[in-house]
Amino acid sequence: MSKFNLSAIDSYSYEPLRKQVYKVLREAILKGELMIGEKITEMEIAEELSVSRTPVREAFRMLEQEELINIIPQQGVFVAGIETKKEIDDIFQLRTELEGLAAYLAAQNIDEKQKQLLREYTEELEDCIEHNDQRGCIRVDVAFHRIIKEASNNKWLEKFLDTLFEQATRFRRSSFSRQGRMQEFLAEHKELAEAIASGDAERARECAEEHIRAAWQSIITVFEKENR
C-alpha cells in the first residue's frame with residue numbers, strides 16, 4: 001500500500017517528468033493529502049510515482065520556490081505551513097473582499113445548470129459531514145466555490161481567487177478541528193447557495209463575506225492554540 005496516496009504519473013504524456021511530479025505533489029499539498037509539517041523524501045516519492053530521483057529533486061526545487069515545501073539542510077524536506085498570524089490575515093482579508101464580489105456577480109449571472117450544481121454540492125457536503133469525511137468536505141468545497149467563480153463571469157477575479165483559494169486550502173482541515181465548525185460550515189454554504197440562486201446580489205455578498213470571516217476566525221483560533 002502506498003504511503004502518500006498520490007495521483008499516478010501519466011506515462012503517455014509528453015510533459016517533462018519533473019513537471020508531472022511537481023503537479024502531483026502540488027495538488028497533494030494544496031488539497032491537504034500531504035499534511036503541513038510532514039516529511040517527504042526523494043526516495044519515497046520516486047518509489048511511489050515509479051520515477052527516478054532526478055525529476056523528484058527538480059520538482060522539489062519548483063515547490064520550494066512557491067514556498068510549498070521547506071528544504072532544510074541536514075534535516076530533510078517538509079511540507080510548509082503557515083508560520084505567522086499575519087500570513088493568515090493577509091490571505092483572508094483579500095479572500096473576504098473577493099469572495100464577496102464573486103458571490104455578488106454570480107447572483108446576477110448564474111444560469112440554471114450552475115444553480116442545480118450548487119444545490120447538489122450542498123447535499124454532498126451534508127453527506128460528507130454526516131460521515132465526518134474531511135477530505136470529502138474539502139473536495140466538495142473546492143467544487144462549490146468553483147461554480148461561484150465561474151458564474152461571476154470575470155476571468156481576472158477567477159485567477160486571483162484561484163491563487164488565494166489554493167493557499168487557504170493548505171490549512172482548511174485545521175479549521176474543521178474546532179468543535180461545531182463543520183455544522184456551521186454546512187449552514188453557511190446552504191445560505192450562500194440560496195442567496196445566489198435567488199438572485200439577491202447584496203445578500204449573496206454578505207453571506208460570502210460572513211462565510212470567509214467565519215473560516216478565518218476558526219483557523220486563527222486553531223493556529224493560536226497550536227502556537228502557544
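User: Does Ser50 count as buried or exposed, and why?

Analyst: Exposed means over 50% relative accessible area, buried under 20%, and partly exposed in between, with a 1.4 Å probe and protein chains only. Ser50 counts as exposed because its relative accessibility is 66%. This is a predicted model, in which local features need pLDDT of at least 70, side-chain atom pairs count only at pLDDT 80 or more, and totals for chains, interfaces and linings use all residues. Residues are numbered from 1 along each chain as its sequence is written, and side-chain values use heavy atoms, leaving out hydrogens and water.

User: Where does Ser50 lie?

Analyst: Helices are DSSP runs of H or I with at least four residues, numbered from the N terminus. Ser50 sits in the loop between helix 2 (42-49) and helix 3 (53-65), and its phi is near 55 degrees, a positive value in a residue other than glycine.

User: Which residues touch the most other members of the largest nonpolar core?

Analyst: In soluble globular proteins, nonpolar side chains tend to be buried together. A nonpolar core is a set of buried Ala, Val, Leu, Ile, Met, Phe, Trp, Tyr and Cys residues joined through side-chain atoms within 4.5 Å. Here the largest such core has 45 residues, and Phe92, Leu118, Ile148, Leu192 and Ile196 touch the most other members. Among the helices that each supply at least two residues of this core are helix 4 (85-109) and helix 10 (201-226). Apart from this core lies another, of 24 residues, including Ile9 and Leu68.
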